[in-house]
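Open the model in your viewer and keep the selection panel at hand.

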Amino acid sequence: MNSSDASNAKPDQGEKGIVTRRVFLKSAGRLGALLAVGSATIALDAAAQSSQAPATSPAASPAPPPPIPGPIVPNAAVIAEKDPVMKVLTERPLTANATAENLNDAVTPANRLFIRNNLLTPDLQAAGHTLTIKGLVDKQMTFTFDDLQKTFPAVTAQGMLECAGSGRTAFSPLPKGTPWNPSGGYGCPKWTGARLRDILKAAGVKPGAVHVAFFGADFGELPTAKPVVRSIPMSKALEPNTLVAWAINGEPLPKVHGFPLRMIVPGWVGSASIKWLVGIEVLDAPFKGTYMDDSYRVPAHPIAPGEKMPKDAVSTEAWPVKSVITQPAPGAKFKIGGKIAIAGKAWAGENSVTRVEVSLDEGVTWKQATLAKPGNKYAWRVFSFSAQPKRQGYVTILARATDSKGNVQPIVAAWNPLGYFWNGIHRVGVTVENA
Amino acid sequence: MGTGGLLVLASAIGQSAAVLIDGPGVELVRQKCSLCHDLEHITAIRQTREEWADTVKVMISRGAPITPEDEAIIVEYCTKYYGK
């Protein structure tokens, strides 16, 4: 079930997985019957399938704890807790998002936060949940969910969470992967949790430690499915906004968003913010595994659209500068002589947003938008602009942000084979009518 | 469950009822690939033979139960019907 023992995955290892699959099949079948469509049907039994040894099993890679198959939350139950504005993009794995015009809140409500699962949604309980810190530490430690909250000071901070593939469908040619809308797949809720650095300090980081890996308790439909594991450099692990979080906007995490514990690595690609956290391992090298080495990578240097991934690809980390227009909604109608209230959000990974400009003439002229007071380091920045339409017809509103390092949002993001880091200028078309 | 959620999910399922182009290997592709994911992950994109071969290898490294014989058939099918 992980990079070191998957090569000898045996049918008996799959027993629990099969029980889990039946739970899933039952719910999928119910859902299918309910909706009178059969797309959720899975005709095969995992036990009947020959299991193939995985291609790689890097020796340097530590053994993550095997995921413990258990009950899952069916997709229908996950979606029932979300706002109806959420659009499901794929069901297996479950991905869903709200588009920009539905993300106008300064703090993203939990029920509008995007969903990006790689595997299933485990139905975990807080009672009995534990988090273990091991690897290059002076002492291995295990905390219960309650102990963790009692032992470490709680920190609350707003922080950007954005899937690496957010905006993917804006790329041409279309790369493979979750078909995120040109503007969707991000959010900025308020997170509460313990600082990872406080936890690492308690365990004592040994010399030679360079990366910290996070292990989730999620599992797939097949017992052979590899767990989702991601590691981040020590510098980001020690950053005071990197949290082991248990609350979103003051409430317990919804099950699909990692209940009871998850990582929050703000400003970085969402894959670093592992959900359903059960293990933290301090390593002397980046973790080796399919979610590190096969995906979440971009070319080190720009390549032509459609080219294959070069050998010098690097791991995806912080998001580049980006902005979105959350108001007005596409297709909105206005009158000449009236006002168009334009609003949006801008963020910049490890940097801060210093300027947002708005254009109503396809980028011929730009005017500076008003920036709201900055929040904490990884919070997005709210911008607003009041436009007065002077002619009738179709108008495209554009916004572009600049960050503290002088980086300006591009017209089109650098194409890459897996479609990550779309930060091209967002455009919203509206119509102006005669008064 | 709320009506809104049901509608959203219903439309999503309708949308995810991907139909693979009929051809040699289609049953194997449907069977193996849909063990873990929607078939839109195939039908939505166009890739070269090399890219499809890489994609299938990544799926195997994620635990897909695909034998070398199956792998060849899947790559052939995807290249023929979803190639570029």
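Each stop below says what to select and what is there.

**Stop 1: chain A.** This is a predicted model. Switch to a colouring by accessibility. Of the 435 residues in chain A, 56% are buried. Now show the surface. Chain A exposes about 17300 Å², and carbon and sulfur atoms supply 55% of that area. Among contacts in chain A with a separation of 6 or more, 74% join residues 24 or more positions apart.

**Stop 2: A:Val212.** Select residues 211–216 of chain A, which form strand β10, and pick out A:Val212 within it. Is A:Val212 buried or exposed? Its relative accessible area is 0%, so A:Val212 is buried. Show what surrounds it. Leaving aside residues up to four places away in sequence, A:Val212 touches A:Leu196, A:Leu200, A:Arg230, A:Ser231, A:Ile232, A:Met234, A:Ala237, A:Ile280 and A:Glu281.

**Stop 3: two helices of chain B.** Select α2 (residues 26–33) and α5 (residues 68–82) of chain B. Their axes come within 9 Å and cross at roughly 110°. The two helices are therefore roughly perpendicular to each other. Show side chains at the crossing. From α2(B), B:Val26, B:Leu28, B:Val29, B:Lys32 and B:Cys33 meet B:Asp70, B:Ile73, B:Ile74 and B:Tyr77 of α5(B). Colour this contact by class: seven residues are nonpolar, none polar and two charged.

Technical notes: Residues are numbered from 1 along each chain as its sequence is written. Chains are lettered from A and ligands numbered from 1 in the order in which they are written. This is a predicted model: local features need pLDDT of at least 70, side-chain atom pairs count only at pLDDT 80 or more; totals for chains, interfaces and linings use all residues. Side-chain values use heavy atoms; hydrogens and water are left out. Buried means under 20% relative accessible area, exposed over 50%, partly exposed in between (1.4 Å probe, protein chains only). Contact means heavy atoms within 4.5 Å. Accessible areas come from the Shrake-Rupley method with a 1.4 Å probe; for residues, only the protein chains shown count as cover. Helices (H or I, at least four residues) and strands (E, at least two) are DSSP runs, numbered from the N terminus. Axes are lines fitted to C-alpha atoms, for helices over the stretch in contact, and angles run from 0 to 180 degrees between N-to-C directions. Angles under 35 degrees count as roughly parallel, over 145 as roughly antiparallel, 65 to 115 as roughly perpendicular and the rest as oblique. Ala, Val, Leu, Ile, Met, Phe, Trp, Tyr, Cys and Pro count as nonpolar, Asp, Glu, Lys and Arg as charged, and the others, Gly among them, as polar.
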